[in-house]
Amino acid sequence: PSGPALLFVKISQGKEVGRRFYACSACRDRKDCNFFQWEDEKVSETRLAAREEYNRSHQPSFTHGQNVERYKDFVLLPLSKRRFCQECQQLLLPAEWEKHSNHEFLCDISTAQLRSPSQLLYPLENKKTNAQYLFADRSCRFLLDLIIDLGFSRVLSVGTPRLHEMIQSKASQEEDFRVRSLLLDIDFRYSQFYTEDEFCHYNMFNHHFFGGEGALETCRKFLCQDNGERVIMVTDPPFGGLVEALASSFKKLMAMWKERGKEGHNNQEMPIFWIFPYFFESRILEFFPSFSMMDYQVDYDNHALYKHGKTGRRQSPVRIFTNITPSLIVLPVEEGYRFCTICQRYVSSGNQHCEICNSCTSKDGRRWKHCVLCKKCVKPSWFHCDNCNCCALQSHTCEKTDAGCFVCGKAGHKRSTCPSLSRT
């Protein structure tokens with residue numbers, strides 16, 4: 001139901017070659033989607049037919065086109081007849097009330113509510129699949145103001161429904177507002193509120209457009225309009241998602257933008273804001289070396305921890321990774337950000353420039369300290385451990401010297417950097 005599966009490898013300790021298998025691209029937990037197939041497995045016709053039937057039964061009740069027609073009928077209804085079923089997460093037409101009579105529903109759905117579907121719909125908060133933690137108003141306004149200040153007029157909103165609806169709402173209310181947005185999201189519920197030119201049902205883990213060639217063409221046209229000028233992609237993936245799979249999809253969207261046919265710009269990259277926790281920095285830079293991380297703390301409405309303004313380790317770890325020149329990204333001074341003339345970028349107030357590293361080294365908003373032995377700056381709560389030959393918390397358990405790699409059993413490296421693992 002989530003589109004093409006991804007190919008993984010199951011590693012057994014001590015064996016250099018693992019066994020490869022296919023699993024769901026969107027659900028990391030077998031409880032959410034139990035699809036599993038060994039790469040070399042022969043699947044019977046009966047099982048294939050059962051799988052097709054299962055996929056069909058898990059499709060939405062209405063197509064995107066049908067939802068658009070339903071919305072047109074819904075907005076013509078008087079306020080007293082506008083109902084939204086909370087159990088089915090569906091706008092209801094009067095003829096459907098009877099079928100939903102035992103469900104809880106909201107009445108008198110206003111135009112303002114229809115313009116803010118992310119507040120009408122229940123957020124899907126499975127950390128590994130949907131993880132719909134929605135931008136707080138502060139972060140959303142900052143992103144939109146920054147996009148406008150940088151001169152962009154089109155936003156490809158990949159998994160950022162709140163930013164998309166803020167742009168849509170402003171465009172419908174302000175005549176001189178020129179920014180447009182296209183939302184790509186795996187949550188098909190949004191098709192009830194947006195046309196095929198405003199929303200595409202999309203899985204960012206396998207670059208799958210559920211609407212087929214038509215939806216793919218909608219995205220291509222949006223990216224390539226005006227020779228691809230003044231367009232930026234903003235994405236906020238689930239933090240439990242695989243960076244490698246996300247990077248693969250984003251590179252395909254970037255390649256789509258490159259097809260715009262403009263000569264002499266082959267080395268250019270489509271501008272991107274990738275919203276992700278700072279501790280994934282090395283993984284993101286592995287796939288996008290041109291990216292840099294901004295100090296701005298992105299916060300969320302419906303997340304207990306990811307809030308701006310908290311201190312110490314309770315601060316939001318979510319940052320903006322971008323291929324736009326850092327000096328162009330102006331962060332709000334009133335929130336404590338300042339410009340470092342040496343690094344040529346805005347940094348948080350606690351991020352002090354280290355003369356030895358020649359960089360503002362803090363990642364989490366606190367002032368970091370330089371370790372001469374590690375030859376880098378580390379968190380203020382860390383101390384150098386002679387046994388591990390690196391900095392760590394004082395309460396840490398020293399790594400046993402005889403513990404080898406989980407893959408090959410040899411000492412001196414961990415599984416993630418094992419030379420026996422070949423990337424595909």
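This report describes a predicted model of a protein chain, beginning with the chain as a whole and then turning to several of its loops and to one pair of helices.

## The chain as a whole

The protein chain contains nine helices and 22 strands. Of its 424 residues, 44% are buried, and its accessible surface comes to about 22800 Å², with 50% of that surface belonging to carbon and sulfur atoms.

Contacts can also be sorted by how far apart the partners stand in the sequence.

## Asparagine 351 and serine 362

Asparagine 351 sits in the loop that runs between strand E16 (345-347) and strand E17 (353-354), while serine 362 belongs to the loop between strand E18 (359-360) and strand E19 (369-371). Asparagine 351 counts as buried because its relative accessible area is 0%, and serine 362 is likewise buried, with a relative accessible area of 4%. The side chain of asparagine 351 reaches the backbone nitrogen of serine 362 at 2.9 Å, and the side chain of serine 362 in turn reaches the backbone nitrogen of glycine 365 at 3.3 Å.

Which residues surround asparagine 351, if those up to four places away in sequence are not counted? Asparagine 351 touches Asp295, Arg338, Arg345, Cys360, Thr361, Ser362 and Gly365. With one of these, glycine 365, the separation is 14 residues in sequence and 6.1 Å in space, taken from C-alpha to C-alpha.

## Serine 316

Another loop, between strand E13 (292-293) and strand E14 (318-322), holds serine 316. With a relative accessibility of 0%, serine 316 counts as buried, and its side chain reaches the backbone nitrogen of valine 318 at 3.3 Å.

## Two residues with positive phi

Histidine 207 has a phi near 50°, which is a positive value in a residue other than glycine, and lysine 375 also has a positive value, with its phi near 60°. Histidine 207 lies in the loop between strand E9 (199-203) and strand E10 (208-209), whereas lysine 375 is found in the loop between E19 and strand E20 (376-378).

Are these two residues, histidine 207 and lysine 375, buried or exposed? Histidine 207 counts as buried because its relative accessibility is 16%, and the cut-off for a buried residue is under 20%. Lysine 375, on the other hand, has a relative accessibility of 70% and therefore counts as exposed, since exposed means over 50%.

## The crossing of helices H5 and H6

Helix H5 (residues 137-149) and helix H6 (residues 161-173) have axes that come within 10 Å of each other and cross at roughly 65°. This crossing of H5 and H6 is right-handed.

On the side of H5, the contact is made by Asp137, Cys140, Arg141, Leu143, Leu144 and Ile147, and on the side of H6 by Arg162, Leu163, Met166, Ile167 and Lys170. When the residues of this contact between H5 and H6 are divided by kind, seven are nonpolar and four are charged, with no polar residue among them.

Terms used:
Residues numbered from 1 in each chain as written. Predicted model: local features only at pLDDT ≥ 70, side-chain atom pairs only at ≥ 80, totals over all residues. Heavy atoms only, no water. Helix = DSSP H or I, 4+ residues; strand = E, 2+ residues; numbered from the N terminus. Buried < 20%, exposed > 50% of the residue type's maximum accessible area, 1.4 Å probe, protein only. Contact = heavy atoms within 4.5 Å. Polar contact = N/O pair within 3.5 Å; in protein donor to acceptor, adjacent residues only side chain to side chain. Areas by Shrake-Rupley, 256 points an atom, 1.4 Å probe, with all protein chains shown as cover. Axes fitted to C-alpha atoms, helices over the stretch in contact; angles between N-to-C directions. Left-handed = near helix turned anticlockwise from the far one by under 90°. Nonpolar A, V, L, I, M, F, W, Y, C, P; charged D, E, K, R; others polar.
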